[in-house]
Amino acid sequence: MKKLTLLFFFTATTIFAQNSLPDLSLTTIDGKTVILKNEFNEKDKLYIFSFWATWCAPCINELDELNDIQEDWKKEANFEIIAVSTDDSRTQKRVKPLINGKGWSYRILLDTNQDFKRALSIVNIPYTIVVKNNKIVHIQNGYVPGSEIELFEKLKTL
Amino acid sequence: MKKINQLLIISLLSLSTFAQEIEKEKINFNGGFESNSQWYLNDNGLRDEFDNPTMQPEQPLRSNSYLFLNFKYKKWSAGIQGESYMENALLNLNPKYDGANVATYFLQYRNDKIDVTAGYFYEQFGSGLLFRSWEDRALGINNALRGGRVIFKPTKYITLKSIYGNQRTGFDVTKSVVYGADTEIILSDIFRLETYDVSLGLTFVARDEKTDIVNPNFDDVTNAFAARINVNHDSFYLSSEFNYKTEDAVVQTPGIIDNNLIKPGNALLLNLGYSKKGFGIDASFRRLENMSFFSERAAKGNTFNDKIMNFIPSLTKQHHYNLANIYVYQPQPNVSIADVNFVKAGEIGAQIDVFYDFKKGSKIGGKYGTKVALNASNWNALGGTFYLFTPQDYTTDFFGFGKRMYADYNIEITKKWSPKLQSIFSYINQYYNKKFIEDAIGEVNTNIVAAEATYKFTSTQSIRVMGEHMWADYDKKNWAGATVEFNINSKFSMYVSDLYNYGNDLEYAQNHYYNVGGAFRKKSTRIALNYGRQRGGLVCVGGVCRFVPESSGVSLSLNTSF
């Protein structure tokens, strides 16, 4: 009975879901504070937020792949990729040497106490959202080699 | 049950009102759902060290579920999280998670200058060594404070935070009160430094817990202070944090408050690094003295991480190989004056990471590049002079290296052979002192070799094969393991794995821990099904661990957001 009501509750809610970028401020890798809705608000531009951590191998694979091909894609779509590190204070100090070592050109946000991750109810990483005009227009939960191709196909339709 | 129905009715009613508003696009609504279920089975083949088979618990079908809903209207937002643990929580989770109920809720107002929250909130000051409230469902941690928080940003370069509340424990909150304040100042912005990023932080946290002890030698209120600095300049960076906790009764055994051993605590954290394209080095030093901090004194050291107030991560590499996660370090911030061979006032140690990329086209780099990551860490008990008998006491030395507790030296080499094939090779050497880390007997030395390869068949179809072996000279001794993961397309994956403890001295305990499972992903939803055996031991996230018993069965997990 309890499960049924829960399920009903759950389906009832999905119908009305309409998601916007959470109203949060986060720290960048250089220690600056940015307010999400003010920072990523260029009209009609697609912002791809990729949630990752230094200990998450598939996340790093995804960001490696995206880094290699993003310049090509930019000829066909107006977008920017932001890598949101969910590393807590155990591994946060590894973020900087890792991204520099890899030569990633992304803007890096530090979600040290996982406020951003929690606001979007993210359970597992890698997890990628696409934001347009402050609205979340696409979600990709997980990553397998090749997911980036599908993501790009999707970008062209958004 | 009554409570739940009431909750549901209220939520549904409010939801339908909200739904009408949504049509006007004024109210924004989102949420998420997660459910982890396990059906525990009897398993005669899975034997423990006493040759007992693995038996299912009284309620073999258990499920932890979480539903989070969030509403936003202009500068206001409100959220509620319901949790259900039916029938009972997954094995060895805090038994206070029982039944279904409203777990957390909040109301928040936020603009660019001020952010006010009433209800449950999560917060972290500095590195979290004095205060962190967070949620980790896999570990059963949700130590949100219920009370109020104000964040004020008078200018771009100053952030002031203040908090007050009771800490969540199960579906209840503690009687004790936690309050504090934190400020962060970005100096480089104030002084318009062009090539430097410099920030300073100051923290104050207090815990007020009335004690039942007659004639206590300590105060109800324990205060704690911290200062931190962060400097970036070109490729260099440095950060340091010093924490001090005022005198309080020491708890050596969970539940037992020692009214005769009253000590302050402190922690020093230092981190330095240099990185440029293709190269990075990072070093951390940490010294902890009597530094665990719980919202109730007697909770210190409880196995469920209940009422934990601060976050003390283990500064060691978080390995992703199964066998490298059998002997996992857990930080040792506590005092122990048990016997001559088991004394410590905390821990002291360091960790170093080096990353290097051999360029594409170079001899070692090959056509597609080779990456090397080196990591070393070593942790000793914090030593000094210890007085074993009544009254117990101790004094510490700044560089007091007591008995060695843990060490890990490892190398990982990643090589891309072609656009389709990539391999990783790792070697790990660990030292693990069971006495100090688990309060058990013995020391374990391990050597672990692991190799994995990923091959892409088509743009979305790939296979990953991983093999690992551990040589250990004590405890359960040698292990071998293998995993094969097949990504059928971007939506479906399957895997099969086995860990085999073939070296166990007890023949009946030479167990296979096999698992087979699959996962389905679509948009924001992920569903995973697994059948197999769970190795008993520690499940750790960020160096905070939870003990899980051996089990066998079927698990189903689902998560989605909307």
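**Why these labels? A chat about the model**

Modeller: Let's start at Asn290(B), which lies in the loop between β20 and β21 (336-339) of chain B. Strands (E, at least two residues) and helices (H or I, at least four) are DSSP runs, numbered from the N terminus. This is a predicted model, in which local features need pLDDT of at least 70 and side-chain atom pairs count only at pLDDT 80 or more, while totals for chains, interfaces and linings use all residues. Residues are numbered from 1 along each chain as its sequence is written, with chains lettered from A and ligands numbered from 1 in the order in which they are written.

Biologist: Why is helix α4 (residues 95-102) of chain A called largely enclosed?

Modeller: Seven of its eight residues are buried, so the rest of the structure largely encloses α4(A). Among the buried ones are Val95(A), Leu98(A) and Ile99(A). The buried residues pack against β4 (79-85) and β5 (107-110) of chain A, and against β18 (236-251), β19 (257-276), β20 (279-289) and β23 (346-358) of chain B. Just after α4(A) comes Gly103(A), with a positive phi of about 70 degrees.

Biologist: How many residues does each chain bring to the contact?

Modeller: Chain B brings 75 residues and chain A brings 50, where contact means C-beta atoms, placed from the backbone, within 7 Å. On the chain B side, 24 are nonpolar, 35 polar and 16 charged. Here Ala, Val, Leu, Ile, Met, Phe, Trp, Tyr, Cys and Pro count as nonpolar, Asp, Glu, Lys and Arg as charged, and the others, Gly among them, as polar.

Biologist: Why are α3(A) and α6(A) described as oblique to each other?

Modeller: Helix α3 (residues 57-73) and helix α6 (residues 147-157) of chain A pack at about 40 degrees, their axes 10 Å apart. Axes are lines fitted to C-alpha atoms, for helices over the stretch in contact, and angles run from 0 to 180 degrees between N-to-C directions. Under 35 degrees is roughly parallel, over 145 roughly antiparallel, 65 to 115 roughly perpendicular, and the rest oblique. α3(A) and α6(A) are therefore oblique. The residues making this contact include Leu66(A) and Trp73(A) of α3(A) and Phe152(A) of α6(A).

Biologist: How do you know whether chain B, with 562 residues, agrees with a compact globule?

Modeller: The globule rule is 2.2 Å times the number of residues to the power 0.38, and the radius of gyration is taken over C-alpha atoms. The rule puts a compact globule near 24 Å; chain B has 25 Å, so the two agree. Its C-alpha trace spans about 70 × 60 × 55 Å along the principal axes, and 42% of its 562 residues are buried.

Technical notes:
Two residues are in contact if their C-beta atoms, placed from the backbone, lie within 7 Å. A residue is buried if 20 or more other C-beta atoms lie within 10 Å of its own, exposed if 12 or fewer, and partly exposed in between; C-beta atoms are placed from the backbone.
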